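Visitor: I have some labels to ask about. Please show me the structure, and I will start.

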Amino acid sequence: MIASVRGIVAALGPDGAVVEVGGVGLSVLCSPGTLARLRLGESARLATSLVVREDSLTLFGFADDDERALFELLQTANGVGPKLAQTMLAVLAPRALRRAIATSDYATLVTVPGIGRKGAERIVIELRDRIGAIDGSDAAGTGVVPVAPWRDQLGHALAGLGFTGKEAADAIEVVSADVTPENPPDISALLRRSIQLLGRTR
């Protein structure tokens with residue numbers, strides 16, 4: 001298994017990137033959120049998962065090892081293949097996807113193209129107990145992290161500017177890396193950064 005690749009980003013496309021490793025260009029399929037982190041000509045590391053089929057070898061790339069692990073876990077559910085698993089991660093951020101499965105939030109899961117009510121129920125039944133710990137705890141003791149207020153504020157601001165929910169979610173996941181206990185969220189700065197990111201992907 002190719003667990004990760006590190007090299008220069010040689011090309012970017014709507015659904016993937018080419019990363020040059022040791023003189024070889026590797027084509028890696030990525031979600032929009034992962035692609036938004038990459039820059040042409042710059043070095044990057046992607047956690048990867050190699051999907052082997054009789055007639056193809058497909059390398060999927062992820063922002064980190066945790067996202068890759070979730071991608072692989074999703075495929076253990078009946079009816080979920082690599083394409084659908086990647087679509088789930090493209091529409092829902094990993095934390096939101098874990099929350100939806102852990103809390104049986106079918107309404108959120110069916111927002112993913114290709115997942116209907118029965119499919120959502122099957123995914124929850126098969127993965128709810130295997131989704132792993134979600135840091136923190138809410139008042140009900142479910143172990144689910146409530147959405148940070150700044151995320152909601154930023155999401156509403158982006159929606160007001162005409163961006164779709166998916167575009168906003170992708171941008172918020174990228175800029176969330178700038179928020180730390182030592183660096184509390186500055187909504188104005190995060191909004192400017194999000195608009196810059198989304199402007200490059202349109």
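Visitor: How do you know how helix α2 and helix α3 lie against each other?
Guide: This is a predicted model, and the values are computed from it. Helix α2 covers residues 65-74, and helix α3 covers residues 82-91. Their axes come within 9 Å. They cross at roughly 135°.

Visitor: What makes the contact between α2 and α3?
Guide: From α2 come E67, L70, F71 and L74. From α3 come P82, A85, Q86, M88 and L89. Seven of these contact residues are nonpolar, one is polar and one is charged.

Visitor: Which of them is the charged one, and which is the polar one?
Guide: Glu counts as charged, so E67 is the charged residue.

Visitor: Where is S31, and what does S31 touch?
Guide: S31 lies in the loop between β3 (24-30) and α1 (32-35). Leaving out residues up to four places away in sequence, S31 touches E67, Q86 and A90.

Visitor: Why is S31 called buried?
Guide: Buried means under 20% relative accessible area. S31 has 5%, so S31 counts as buried.

Visitor: What makes L154 buried?
Guide: The cut-off is again under 20%. L154 is at 0% relative accessibility, so L154 counts as buried. L154 is found in helix α7, residues 149-160.

Visitor: Which residues is L154 in contact with, beyond its neighbours within four places in sequence?
Guide: L154 is in contact with I172, V175, L190, L191 and S194. As for A171, the C-alpha atoms of L154 and A171 are 9.7 Å apart. In sequence, L154 and A171 are 17 residues apart.

Visitor: How much of the whole protein counts as buried?
Guide: Of its 202 residues, 40% count as buried. The accessible surface comes to about 10,500 Å². Carbon and sulfur atoms hold 53% of that surface.

Visitor: How many helices and strands does the protein have?
Guide: The protein has nine helices and five strands. Along the sequence, the pattern is β-β-β-α-β-β-α-α-α-α-α-α-α-α.

Notes. Residues numbered from 1 in each chain as written. Predicted model: local features only at pLDDT ≥ 70, side-chain atom pairs only at ≥ 80, totals over all residues. Heavy atoms only, no water. Axes fitted to C-alpha atoms, helices over the stretch in contact; angles between N-to-C directions. Helix = DSSP H or I, 4+ residues; strand = E, 2+ residues; numbered from the N terminus. Contact = heavy atoms within 4.5 Å. Buried < 20%, exposed > 50% of the residue type's maximum accessible area, 1.4 Å probe, protein only. Areas by Shrake-Rupley, 256 points an atom, 1.4 Å probe, with all protein chains shown as cover.
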